[in-house]
Amino acid sequence: MALSSLSSNESQAVLSETLNPAERWFLHLGKVVIATLAMTSISGDLLMFATFLSNSSLQTRPNCLFASLILADFLLAVFVMPLEAVHLSVLPAWPFSIALCNIWNSAVVVLATSLLLSIMAMSLDKLYAVHRPLHYSYHISGKVLIAMALVWSYAGTSGITTYFLWTRSEVGCRVLSLPFEYSAPFLLLNVLLPYTVCVVTNLVILKVSRKQSLRVYCSHDQNQRATLAKRRKGIRTITLLIGVFSVFCLPFFTFHVVDAVTEEALENRFYALNIVQWLLFLNSSLNWALYGLLNREFRLACLRLITKTKDKLFTSCKPNSTSVLHLR
């Protein structure tokens with residue numbers, strides 16, 4: 001019997017029978033992983049936003065670009081991850097409309113692209129700070145806001161474009177399924193090009209920083225040494241963000257291009273498809289900690305905010321002494 005002739009519930013029952021016990025346990029594990037990563041990302045991102053907005057000293061040019069990065073992570077955790085958990089619960093069926101499936105896939109493109117472009121913007125900003133320190137300003141300027149708008153505009157345009165290109169399916173939701181002639185240009189423009197810019201920029205930053213270190217240590221100027229030490233910590237943070245992206249996100253993009261080349265006939269595709277997606281979610285749930293907690297000013301501001309919030313909660317829960325005496 002053709003699946004198209006069955007009701008939605010009957011189709012889902014027929015499709016669910018195609019999963020073996022190992023695959024079912026794998027999906028149960030996936031739901032736990034995604035729920036954990038989503039809660040971690042949402043709580044961490046909200047903490048970073050609250051810290052950034054409540055401390056004027058943190059509202060600087062680099063931190064503003066960081067806010068753009070965690071915005072992408074937050075939206076990924078709020079919209080994409082919950083739908084992925086629902087999808088795993090009914091896999092290989094899809095409980096919603098095909099339009100929502102395409103929107104979901106396009107949201108992954110938008111947020112993954114904005115994530116990488118935000119890291120690229122942070123790298124270019126750090127290069128300018130290192131290369132021309134006397135001309136660099138930490139204040140949030142109109143150019144920074146324009147750069148953020150360009151990042152999200154390009155990412156949004158990519159998402160809208162892919163919405164009309166996804167491979168359709170009568171039953172279920174094809175996860176990020178694009179023909180090779182479409183996936184290859186997206187990999188080049190949205191991943192390889194900005195990733196190459198990040199890597200080359202970081203190498204130049206390290207080279208310039210090394211030269212500056214030699215000059216500063218030869219001058220024995222303590223103020224310049226302190227400034228250089230602070231700048232090098234920022235460089236290490238950007239390097240770490242790029243490194244973590246390389247480990248967790250590049251497999252995701254590479255897999256989908258190879259998958260398109262092989263026309264979705266890879267061996268163990270079921271497991272590989274889900275694992276690379278979870279790696280992307282893992283990277284997203286780590287970004288707030290990699291930057292926010294490794295940055296000393298951000299870390300101390302977070303601790304102050306947590307302590308202040310905790311004190312307010314305890315104060316509001318503490319009974320009023322006057323009221324207690326009156327009751328006695």
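**The start of a helix and what surrounds it**

Modeller: At the start of α2, a side-chain oxygen of Asn20 comes to within 3.1 Å of the backbone nitrogen of Ala22. That falls under the term polar contact (a pair of N or O atoms within 3.5 Å; within protein, one must be able to donate a hydrogen and the other to accept it, and residues adjacent in sequence count only if both atoms are side-chain atoms). The model is a predicted one, in which local features need pLDDT of at least 70 and side-chain atom pairs count only at pLDDT 80 or more, while totals for chains, interfaces and linings use all residues. Residues are numbered from 1 along each chain as its sequence is written, and side-chain values use heavy atoms, with hydrogens and water left out.

Helix α2 covers residues 21-54. Helices (H or I, at least four residues) and strands (E, at least two) are DSSP runs, numbered from the N terminus. The expected span of a helix is 1.5 Å times one less than its number of residues. For the 34 residues of α2 this gives 50 Å, and the end C-alpha atoms are 50 Å apart, so the two values agree.

The protein chain has 11 helices and zero strands. Of its 328 residues, 44% count as buried, where buried means under 20% relative accessible area, exposed over 50%, and partly exposed in between (1.4 Å probe, protein chains only). Contact means heavy atoms within 4.5 Å. Among the contacts in the chain with a separation of 6 or more, 80% are between residues 24 or more positions apart.

Helix α3 runs over residues 61-90. Its 30 residues should span 44 Å, and its end C-alpha atoms are 44 Å apart, which agrees. The helix does bend, by about 35 degrees at Ala77; the bend at a residue is the angle between axes fitted to the seven residues ending there and the seven starting there. Helix α3 is mostly covered, with 22 of its 30 residues buried.

Val80 is a residue of α3. Its relative accessibility is 0%, so Val80 counts as buried. Leaving aside neighbours within four places in sequence, Val80 is in contact with Leu75, Trp104, Ala107, Val108, Leu111 and Phe281. Val80 and Asn105 are 25 residues apart in sequence, yet their C-alpha atoms are 8.4 Å apart in space.

Now to helix α4. Ser106 lies in this helix and is buried, with a relative accessible area of 5%. With neighbours within four places in sequence set aside, the contacts of Ser106 are Gly159, Thr162, Tyr163 and Trp166.

The bond joins Cys101 to Cys173, with S to S at 1.8 Å. The torsion about this S-S bond is about 80 degrees, so the disulfide is right-handed.

Most residues other than glycine have a negative phi. Leu176, although not a glycine, has a positive phi of about 50 degrees. Leu176 is buried, with a relative accessible area of 9%. Glu264 also has a positive phi, near 60 degrees, and is a residue other than glycine. Glu264 is found in the loop between α8 (250-261) and α9 (269-292) and is partly exposed, at 26%.

Last, the record. An unreviewed UniProt entry places the feature "transmembrane region" at several stretches, including residues 32-53, 65-83, 144-166 and 186-206. UniProt positions are given in the numbering used here, feature names are shortened, and annotations may be inferred rather than shown by experiment. In the model, residues 144-166 are 87% helix and 0% strand, with end C-alpha atoms 33 Å apart. Residues 186-206 are 100% helix and 0% strand, and their end C-alpha atoms lie 29 Å apart.

Technical notes:
A disulfide is a pair of cysteine sulfur atoms within 2.5 Å.
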